[in-house]
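Here is a short note to read alongside the structure. Please keep the picture open and find each residue as you go.

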Amino acid sequence: MSVIVYIESQDQEIKKSSLEVASYGRAIADASGTELIAVSFGLDDTSILKHYGVDLIYAISTEEEVYFNSDRLSTTLAKIASEEGSQIIVFSSSANARYIAPLTAAKYEAAYFSNVIGLPLSYKPLTVKRSCFTNKAFNLSTSQKDLAVLSLSSNSFGIIEKEGKGLSKSSAYQESTSDLKVRSVEKTANKVTIADADIVVSGGRGLKGPEHWHLIEDLANVLGAATACSKPVSDMGWRPHSEHVGQTGKPVASNLYIAIGVSGAIQHLAGINSSKVKVVINNDPEAPFFKAADYGIVGDAFEVVPTLIEKLKALKGV
Amino acid sequence: MKILVCISTVPDTTSKINFVDENRAFDTQGVTFIINPNDEFGLTRAIWFQQKEGAEVTVVTVGDSSCEPILRKCLAIGADRAIRIDTVPQDGLSVASQLADLAKREAFDLIITGRESIDYNGGMVGAMLATFLKIPYLANCIHIEKEGDRYNLEREMDGGKELLNGSLPLVIGAQKGLVEEKDLIIPNMRGIMQARQKPLDVIQPQEIKVATAVESFEKPPAKGPVKLIDPTNIEGLIDLLQNEAKVL
Ligand SMILES: Cc1cc2nc3c(=O)[nH]c(=O)nc-3n(C[C@H](O)[C@H](O)[C@H](O)COP(=O)(O)OP(=O)(O)OC[C@H]3O[C@@H](n4cnc5c(N)ncnc54)[C@H](O)[C@@H]3O)c2cc1C
Ligand SMILES: Nc1ncnc2c1ncn2[C@@H]1O[C@H](COP(=O)(O)O)[C@@H](O)[C@H]1O
């Protein structure tokens, strides 16, 4: 019996979403009276996991491998889960985690729940609440299997410090038979990603053109936020696809979402609804976004945003 | 080259989402159904392979007869034939296992699913299908192009993209970027006429496998009114975000 959490890192640093997943896994392990096991790949120092409730750590060495290998990762995770007799494996909702979670689940025809937004409501059978219809609704789903795989929606549980046993164990990095090979990775230079961000600053067609995006970027910089945009903005090539958020783009579940010159169409709102606090800056008081927002400024972005940047800079002393 | 495009039928993106039967079922009253947008990007890419390389494009859906207008639309867009597996999907695993049974009987070179369906938002069918077929899966696929006898592919990830190379057979999870919005094919009269003559086969499901069940649905709680701040009072906004919302 045990709960497994998949730990992701970037440049040897454990991601915040993984600490949230560990905290969540700890709570499940406590509720079901079992151990919490963490599995990380290519990470040298896993010692902090002990302080987020982890009892047993598998720090898998990935040899020379620099790239994410979905097949090797999911096969290794599935093998450890079977050896440890785990009932639950928890992933974050990062793109990589959501890639390998269903691959891992499928190996045992396990129950898979994505977009889980809180602790299970029951354990026998396992019942979870997850969002569906792109955040327009939730459903309560139950597992009919002994093994369940969950992807936890970001910022839905929080990070909780708690001491675990912090023991370690090793296991082999499983080989792959797949001939799908990563040749290279192109990273967007040093930017906070939408999936990891506490704050997301988003711009819409109201910004009139890509030449004005310094407003969005400067505001994001001073806040340490990720940048995002509405669909037409990426369709017109003002911004890359990877910034398009909404029902047909990336989901956003940040603590703060600031929308500038975005009208708040139903498809846009669907994707950003699970953000906790929403701020809207729009010069049209009738813009539908105001109905979905917590705080709003009816005003011209070209006047409001520079002042906002200036005041925030002063506040942060930069 | 034989391509299978897996089509999920979903409520139009502007639909109001309501539930009936004591919140146990989705209220289809007055709802228009569309091709899942991610699947539409995948279908368009498949049609390009058809036009450039003579690929044969089959569309498949797991669902009851109410899905047939959507399959006809796929035929009007240019698919060569359609298959409906006649059972109401219970979960992602049930869909993936039915699709796997079909794919085991007919050797498809490329199988295209959507990144996720916008109703269930499982993001799982493609990965499960590939696992059942023991072939690779590429999620969030934004590029696939032939090079020699192999394929160059791209996956969008958080904060960048990954460039890959692989061979068929393969399952990909399509999304915007694989083709652009402006390249989506709107069926014309000729396409619609031709679609009527194209085969739409209804086949019976194989053994039904299920892993999860939806017990009930809920709608998010209603939101309180927005707090408006005067545009000349930016300090006021910052203060609220710091001290009331506590997000700065
Ligand atoms: C199938 C489908 C899927 C879709 N999926 C998505 C999706 O995933 N994500 C998404 O975003 N959209 C999506 N859309 C598009 C959506 O319907 C809207 O068209 C889109 O969100 C509008 O983008 P926008 O708010 O940037 O532009 P607009 O609607 O043009 O709004 C611009 C806003 O800027 C304001 N403005 C103008 N000037 C200023 C100024 N100087 N200062 C401040 N404000 C100003 C205006 O008042 C207006 O409210 C989808 C549509 C369809 C049909
Ligand atoms: N009932 C279905 N019939 C055929 N394909 C489906 C069905 N449901 C989902 N899919 C495919 O699987 C993808 C991912 O769906 P999901 O895992 O539900 O998010 C969709 O984009 C479709 O390509």
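The points below look at the two ligand sites in turn.

1. Before anything else, remember that this is a predicted model. Every distance and area below is computed from it.

2. Start with ligand 1, which has 27 residues around it. Among the closest are A:Arg205, A:Ser230 and A:His268. These surrounding residues come from chains A and B, so the two chains share the site.

3. One of its oxygen atoms is 2.7 Å from a backbone N or O atom of A:Arg205, and an oxygen atom is 3.0 Å from a polar backbone atom of A:Gln247. A nitrogen atom of ligand 1 lies 3.3 Å from a backbone N or O atom of A:Asn283. On its own, ligand 1 has 980 Å² of accessible area, and the protein covers 78% of that.

4. Which helices of chain A give two or more residues to the shell around ligand 1? They are H5 (231-235), H6 (266-272) and H8 (301-316). Sorted by class, this shell holds 16 polar, six nonpolar and five charged residues.

5. Move on to ligand 2, surrounded by 19 residues. B:Asp39 is one of the closest, and an N or O atom in its side chain is 2.4 Å from a ligand oxygen. Polar backbone atoms also approach ligand oxygens: B:Gly114 at 2.8 Å and B:Val125 at 3.0 Å.

6. Finally, trace the strands of chain B. E6 (56-62) and E8 (110-114) each give two or more residues to the shell around ligand 2, with the largest share, three residues, coming from E6.

Conventions:
Residues numbered from 1 in each chain as written. Chains lettered and ligands numbered in written order. Predicted model: local features only at pLDDT ≥ 70, side-chain atom pairs only at ≥ 80, totals over all residues. Heavy atoms only, no water. Near = heavy atom within 4 Å. Polar contact = N/O pair within 3.5 Å; in protein donor to acceptor, adjacent residues only side chain to side chain. Helix = DSSP H or I, 4+ residues; strand = E, 2+ residues; numbered from the N terminus. Areas by Shrake-Rupley, 256 points an atom, 1.4 Å probe, with all protein chains shown as cover. Nonpolar A, V, L, I, M, F, W, Y, C, P; charged D, E, K, R; others polar.
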